[in-house]
Amino acid sequence: MEHVVHHPLPHDVPAEWAARAYVNEAKYLEMYERSIRDPEGFWYEHGSRIDWFTTYTRAKNASFGGPDGGEVSIRWFEDGVTNVAYNCIDRHLDTRGDQVAIIWEGDDPSESKHITYRQLHAEVCRFANVLRNRGVEKGSTVTIYMPMIPEAAYAMLACARLGAIHSVVFGGFSPDSLADRIRDCGSKMVITADEGLRGGRKVPLKANVDAAIAKVGGVDHVVVVRRTGGSVDMEAGRDVYYHEAAEQVTDECPAEHVDAEDPLFILYTSGSTGKPKGVLHTTGGYLVFASMTHQYVFDYHDGDIYWCTADVGWVTGHSYIVYGPLANGATTLMFEGVPNYPTVSRFWEVIDKHKVNIFYTAPTAIRSLMGAGDAPVKKTSRASLRLLGSVGEPINPEAWEWYYEVVGEKRCPIVDTWWQTETGGIMITPLPGATRLKPGSATRPFFGVVPQVVDAEGKVLEGACEGNLVIAESWPGQMRTVFGDHQRFVDTYFSAYKGKYFTGDGCRRDADGYYWITGRVDDVINVSGHRMGTAEVESALVSHPKVSEAAVVGYPHDIKGQGIYAYVTLMQGEEPSESLRKELVAHVRKEIGPIATPDLIQFAPGLPKTRSGKIMRRILRKIAEDEFSALGDTSTLADPAVVDDLIENRQNRA
Ligand code: WTA
């Protein structure tokens, strides 16, 4: 099954990579072995990579409930007291106050900015004072709905400084989705911008906030950062422009002392069932893990220019644009735009413009740029590049090789990093000086991570095998609970395999002990690296008055990894039509946001169901994958004839 590499990779890690890296193979093995044998000692030691106001006396205090399903409780460094913003800013001021902390590259290539650590300190303090004057304090929840501008990072860090809990909502979500998230965490404060700017197009962020607030009560304050200067409605007493409020406050604001286990942020993510859940991350363990993975995985050294292309609306933006890099005193680049604007050379031009050394992006971007050919890459220099990273979905070996050969000119190791919103930081990944690479494999576990492959019954498989991926021991960066619903946390992650964290991913382990993530085994699909619950798209579809039933599955998509395939049955008397199809697509975009746009909609007179009325998704998946010759056993269907119609009218004909 292993992919044949066209240009064989070096069998061993090249000496140049190992020479500059923090760890070579022997050191990795030694540190990994210690982290597993003595997690308390290992993490006690590495916990000191961040500064503490009161140091902890113990590192780990965690239980996954055990085989009999006891209490799930995860605590790290629990009697330590610290502050994330202090660690990301204040502690660097003496040594690197004048070093650039954030390079901002605007959507328009003529716009960019450099923000030093000293400026960052002043900006974040000012922002914190604006929030504090409006009632934000330790434990408050604050919703942030922002474009990729430095103020998004200031807002996050300002919350952290005050000990408030931020919930960043990706700017591509609809007012309805935003309203759900504001309601769930009970934010009284929303931070937004007048409009966002992506690929030359404006995104009406403030108008979306207004529409969301019309659906949920309880928002007392909206702080609006001016980005485009476009005109927006401002409600007196509730809404204030940030630049006006900022004039009224000083740029000094002490960092609140917070406990290691006090919450840092909530981030909503999709699962198999129900509404998105609020993944809760806390302070100490999260920052230790985010900063340590950032240093070792990207082999970050002082002076490196580091660029992660994610949006701060996703966990990758939290851990690897803001918190990990800034805790390490890095220079982190924040990009407002998109890979193909104004041209498909944009990424590579930005790399040359800012002399980027480390570049971290998603397979979907790589595949779409690969489709534009080599010329737009080759016309740029990319001489500054030293390391490439990939995240968000499995990277197919063809895209891996193109990234390695054309973008990195075989000079740059690729770190294919597997992790999740729930894990807080990178879990399975190569380390550039230590790990021989295999295209398409996330390779081996990071320090302290104990992956296991289990079969459907939970039996732990040994050696080369394939099954479901679980993590057997706690690590400092893991989520602590689902906000407001600890039982849902236990049910979702610790009930499939008692005493183990279930990832929802399938995986293969080869004879070298390398992990190959095969994709989700639950009803979550991964569209362009964005997680989408099929149940969410289904519920958006059935909320349309003409729709009676809907079933949504993923199917292989050349660029997006997976596309969204929806089977829809209509209410009695409704007729399928092209215009209805368009109406349904628009309806889903309105309900959830553009990232949930169905790629294919098939109108079906009936869906395949068991006699007890359960939709047989396995069959729908096979048809969507255009593999209908391998439908398996359909004898348990209530009405086997529906399958013939589904195949006949499939939208995905090869
Ligand atoms: C998938 C993003 C294969 C996986 C950080 C996981 C990957 C889900 C990889 C989490 C990778 C992420 N190789 N699959 N390198 N990275 N995934 O929560 O299915 O947005 O469960 O976190 O993305 O997506 P999330």
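Residue numbers start from 1 along each chain as its sequence is written. Because the model is predicted, local features need pLDDT of at least 70 and side-chain atom pairs count only at pLDDT 80 or more, while totals for chains, interfaces and linings use all residues; side-chain values use heavy atoms, with hydrogens and water left out.

**Domains**

Select 15-449 together with 456-509 for domain 1, then 528-649 for domain 2. These bounds come from an automatic or database domain assignment. Over C-alpha atoms, the centres of domain 1 and domain 2 are 33 Å apart.

**The interface**

Next, show the residues on both sides of the boundary. Contact (heavy atoms within 4.5 Å) involves 22 residues of domain 1 and 19 residues of domain 2. About 1500 Å² is buried between domain 1 and domain 2, with 47% of that area from carbon and sulfur atoms. Buried area here is the accessible area (1.4 Å probe) that two parts lose on being put together, summed over both.

The rule finds 13 residue pairs in polar contact across this interface, both residues at pLDDT 80 or more. A polar contact is a pair of N or O atoms within 3.5 Å; within protein, one must be able to donate a hydrogen and the other to accept it, and residues adjacent in sequence count only if both atoms are side-chain atoms. On the side of domain 1 that touches domain 2, α8 (175-185) and α14 (363-370) are the elements that give two or more residues. The largest share of that side, 3 residues, comes from α14. Helices (H or I, at least four residues) and strands (E, at least two) are DSSP runs, numbered from the N terminus.

Now pick Arg531 and Glu422. They form a salt bridge, with the closest N and O atoms 2.9 Å apart. The term means a side-chain nitrogen of Lys or Arg within 4 Å of a carboxyl oxygen of Asp or Glu. Across the interface of domain 1 and domain 2 the rule finds 1 salt bridge.

**The ligand**

- Asp505: 2.6 Å
- Arg520, from an N or O atom: 2.9 Å
- Asn526: 3.3 Å

The structure holds 45 salt bridges. For one of them, select Glu111 and Arg227, whose closest N and O atoms are 3.1 Å apart. Glu111 is in the loop between β4 (100-105) and β5 (112-116), and Arg227 is in the loop between β11 (221-225) and β12 (239-241), 116 residues apart.

**Backbone stops**

Most residues other than glycine have a negative phi, and most peptide bonds are trans. Go to Pro342, in the loop between β17 (331-335) and α13 (346-354). The peptide bond from Tyr341 to Pro342 is cis, with omega near -5°. Finish at Phe77, in the loop between β2 (72-76) and β3 (81-82), where phi is positive, near 55°.
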